[in-house]
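Hello,

Here is the structure I promised to pass on to you. Have a look at it first, and then read my notes below.

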There are 2 protein chains.
Amino acid sequence: MSQTPATDALEARFRRLSALSGAAGVLSWDRLVMMPPGGAEARAEQTAALDVLAHEMLIASDVAELLARAAGEPLDDWRAANRTEMKRRHAHATALSSALVEAQSRATSRAEELWRPARAKSDFTIVRDALAEVVRLTQEAAAAKADALGVEPYDALLDTYEPGGSAARIDALFAELETALPPMLDAVIERQNRAGGPIPLGGPFAIPAQRTLARQVMEILGFDFAHGRLDETLHPFCGGVPDDVRVTTRFNEDGFVAGVMAVIHETGHALYERGLPMAWRHQPVGEARGMVLHESQSLLMEMQACRSPAFLGLFSGVAREVFGGVGAGWEADNLHRIYTHVARGFIRVEADEVTYPLHVILRTRLERALLSGDLTVAELPGAWAEGMRTLFGVTPPDDARGCLQDIHWFDGAIGYFPTYTLGALAAAQLFRAAVAAEPGIPDAIGRGDFTPLLGWLRTHVHGKASSASTDAILTAATGAPLGAEAFLGHLKNRYLDD
Amino acid sequence: MSQTPATDALEARFRRLSALSGAAGVLSWDRLVMMPPGGAEARAEQTAALDVLAHEMLIASDVAELLARAAGEPLDDWRAANRTEMKRRHAHATALSSALVEAQSRATSRAEELWRPARAKSDFTIVRDALAEVVRLTQEAAAAKADALGVEPYDALLDTYEPGGSAARIDALFAELETALPPMLDAVIERQNRAGGPIPLGGPFAIPAQRTLARQVMEILGFDFAHGRLDETLHPFCGGVPDDVRVTTRFNEDGFVAGVMAVIHETGHALYERGLPMAWRHQPVGEARGMVLHESQSLLMEMQACRSPAFLGLFSGVAREVFGGVGAGWEADNLHRIYTHVARGFIRVEADEVTYPLHVILRTRLERALLSGDLTVAELPGAWAEGMRTLFGVTPPDDARGCLQDIHWFDGAIGYFPTYTLGALAAAQLFRAAVAAEPGIPDAIGRGDFTPLLGWLRTHVHGKASSASTDAILTAATGAPLGAEAFLGHLKNRYLDD
């Protein structure tokens with residue numbers, strides 16, 4: 001006889017929930033990568049059915065009772081952490097009615113579908129009403145979750161993406177960045193202007209060759225194509241499940257620089273998923289801790305490891321081979337100048353690491369104002385342009401390069417943007433700790449051997465899954481909770497020192 | 001107040017079931033077309049979760065009661081037919097335990113995954129035990145359904161694919177074919193030998209050009225790429241949902257003849273799905289009637305419409321344009337000789353329409369013996385080879401060209417094979433009736449205008465969905481229930497007359 005019958009029963013439930021969530025992940029990937037436009041309505045029905053069934057399973061009348069009984073059962077640390085995660089999900093789910101969950105699923109499917117033509121035509125009016133509906137339902141959900149969790153509405157949404165996240169913590173860290181970054185940005189740009197820009201690489205670069213390069217780089221980083229794919233979409237992302245990770249990017253014949261770096265970024269996400277512990281594959285505790293650590297893994301690869309002189313030396317050879325590149329533009333030095341070029345631009349996903357936090361600060365402010373009702377959806381394009389002028393001193397020429405550039409809000413993700421910058425801070429902190437622990441890591445990266453770095457990440461981050469909080473994992477790995485110091489030190493070192 | 005509250009409630013349930021079934025369809029397509037091998041286990045979990053949830057929804061305690069109450073509600077013909085379909089599905093579902101449904105889902109996922117390497121290596125032992133498990137579970141399910149439906153076990157399985165199908169009916173029709181076909185086959189082959197074979201088309205034929213040709217032909221037939229895709233797999237199929245139909249084929253550089261004809265076949269299936277009535281999109285009565293009519297639609301396109309001299313005249317021009325083909329081999333006459341060449345071959349999907357029924361008769365015999373236990377899975381390769389010798393006078397050189405060639409049994413589909421040949425009979429019967437009703441159809445096909453044919457099919461087959469039985473639909477459309485006469489007349493006309 002099991003001594004933990006309630007926990008056993010809960011684990012069986014959550015195993016099935018994990019399968020449903022994996023199924024929803026495949027449907028979502030297919031929608032963005034494969035689905036013809038005429039399939040949208042049927043897909044929205046399918047997704048809504050899965051969302052509602054998963055919600056019904058979580059709020060079923062006996063789950064609360066099982067959780068109560070499980071509280072008295074003798075569990076080891078991982079099972080206890082799993083129980084904590086189950087309780088968190090149950091609390092989020094019971095805060096919402098099935099009708100609201102279904103309405104959210106349909107509204108985000110619709111807004112996401114309209115976002116594509118809206119962005120292509122740079123016409124916000126196409127998607128305005130659909131976004132307003134998503135925001136209205138998000139306000140409703142945030143209020144309900146705030147009541148249930150006893151936190152502010154924005155914190156309740158943050159908790160979905162980053163368990164335990166709070167606006168107060170974000171305000172403190174973002175204030176440090178807002179103080180340090182503008183003068184640093186001026187200094188970096190002035191220094192770059194003195195040094196002269198990088199030599200541009202003449203295109204066009206054939207898409208099939210870019211695909212080859214991307215796959216080679218993914219393999220160098222440790223991506224296993226027996227457990228994943230690379231495809232192409234409008235907006236790069238990493239989806240799927242740990243044993244079948246789906247990376248996407250976008251290629252452009254005019255240049256390969258951005259496309260391959262997007263692949264490296266998404267591969268960082270993919271490696272985290274793949275490194276989650278096999279023993280806890282289908283339980284909440286076995287999932288990634290949250291979006292801050294998730295983003296730390298993509299940015300650690302993209303910003304810390306792969307914009308380093310060591311990696312770019314290797315990459316210079318690989319890229320020359322693929323494209324038959326000849327001349328000084330293809331030297332590691334020039335690639336380093338390209339990949340560390342800093343500029344005040346309009347597009348977040350193309351931004352350098354110095355200006356990126358300012359993009360996130362803008363979006364965080366706007367989404368908090370949308371949630372509180374201080375800003376209406378109709379006012380969003382104007383507020384975005386105004387924010388760009390204040391923070392960057394530039395005005396977007398159109399909404400495609402303004403408030404239509406990101407899919408997130410249309411997909412219902414409010415409370416997600418801050419995790420990009422918190423992830424950048426965590427990435428700097430983790431990479432510094434990894435190199436301090438294993439000083440051979442940079443040289444190995446230069447040889448195309450990512451195993452020392454990946455080994456350290458598997459042990460200190462990936463393998464921990466959701467067994468502890470983000471801060472506990474960071475403290476165990478780096479000696480301190482999340483802070484801005486390593487990130488600012490990294491920027492100073494890369495962009496202002498020699 | 002609704003006068004039909006029980007029916008309303010059932011329709012809401014079945015709408016969600018339809019969404020779940022659509023989701024499972026996307027997962028299945030992805031598994032066969034996109035999924036990396038390492039994703040198989042996770043996908044099996046996802047599929048099993050959907051199968052079990054759908055089964056649980058069908059057997060929920062209140063469904064029987066709702067069906068009983070719905071029996072007394074005033075319904076129009078379509079809603080009444082929908083109620084009949086709901087009852088049929090409920091009867092099938094309640095016959096099986098959830099444990100058996102889950103075991104079947106996992107066993108078929110596993111067998112299908114092992115079938116691929118087994119076929120590639122022509123090694124039956126790789127998949128033997130997995131297939132034995134599938135057969136064992138199918139026997140169990142067939143016995144349970146036989147009890148519940150009051151029919152023989154094999155008829156209970158037939159009913160899954162072809163509602164109302166029976167072994168007795170199949171025996172009668174197949175006996176006609178077994179009498180007529182062998183002497184006809186001798187006569188056709190002798191006649192072809194006298195005439196000399198077709199001029200072979202020299203390859204290789206670049207795969208991208210074959211893709212272009214396939215897409216052009218699909219568009220000529222009326223396929224709408226805003227509501228579907230064409231991809232490549234080991235085994236051609238048509239999946240997805242009516243508003244997002246996923247056609248697959250396989251291309252081979254050595255020849256384009258088989259690949260493009262597989263596309264035409266699957267496009268016939270796709271057009272049926274697309275032509276189902278919009279008003280009944282997510283209800284059982286709105287689904288395709290069964291696999292006999294489904295196969296009739298693919299074979300009507302492949303065998304009746306697109307192997308006709310009229311179509312091949314058009315096709316000759318399109319193919320020459322795509323491949324830059326020059327010479328007598330590319331003339332319509334020679335393409336007609338290629339596409340009506342009859343031979344005793346090993347592979348069902350490559351078989352001509354004269355020998356195809358013999359392939360089906362073999363499989364039908366073997367699967368009935370497997371189901372009854374008269375034949376064990378271990379004995380299957382030997383029994384297959386023996387059957388080929390008896391029916392065709394040839395012995396397969398290996399199991400890849402023998403019992404490993406088809407995915408069906410590994411996928412749990414026993415009772416499916418006969419529908420191919422019943423579909424061929426229905427195709428001949430329907431095409432004859434269509435041309436009798438609209439004599440302009442052959443000329444229009446020759447001009448690449450499929451709208452008269454498609455219009456007739458939309459009215460007389462596609463638009464009927466599951467509102468009546470296969471025989472009722474055939475009788476209304478052609479004046480008679482399913483028979484062998486039109487098919488045998490068609491073969492005589494095409495292969496023995498001039």
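This is a predicted model: local features need pLDDT of at least 70, side-chain atom pairs count only at pLDDT 80 or more; totals for chains, interfaces and linings use all residues.

Residues are numbered from 1 along each chain as its sequence is written, chains are lettered from A and ligands numbered from 1 in the order in which they are written, and side-chain values use heavy atoms, with hydrogens and water left out.

Strand S2 (residues 238-241) of chain A runs antiparallel to S3(A), and 4 bridges join them. (Helices, H or I with at least four residues, and strands, E with at least two, are DSSP runs numbered from the N terminus; two strands pair if DSSP finds at least two bridges between them.) With 2 residues between them, S2(A) and S3(A) form a hairpin.

Strand S1 (residues 228-232) of chain A is parallel to S3(A), with 5 bridges. There, A:Gly228 stands opposite A:Val245.

How many residues of S3(A) are buried? The count is 6 of the 6 in residues 244-249, so the strand is largely enclosed by the rest of the structure. Buried means under 20% relative accessible area, exposed over 50%, and partly exposed in between (1.4 Å probe, protein chains only). A:Asp244, A:Arg246 and A:Thr248 point one way, and A:Val245, A:Val247 and A:Thr249 the other.

Over in chain B, B:Ser18 lies in helix H1 (residues 5-33). B:Ser18 is buried, at 15% relative accessible area.

Best wishes
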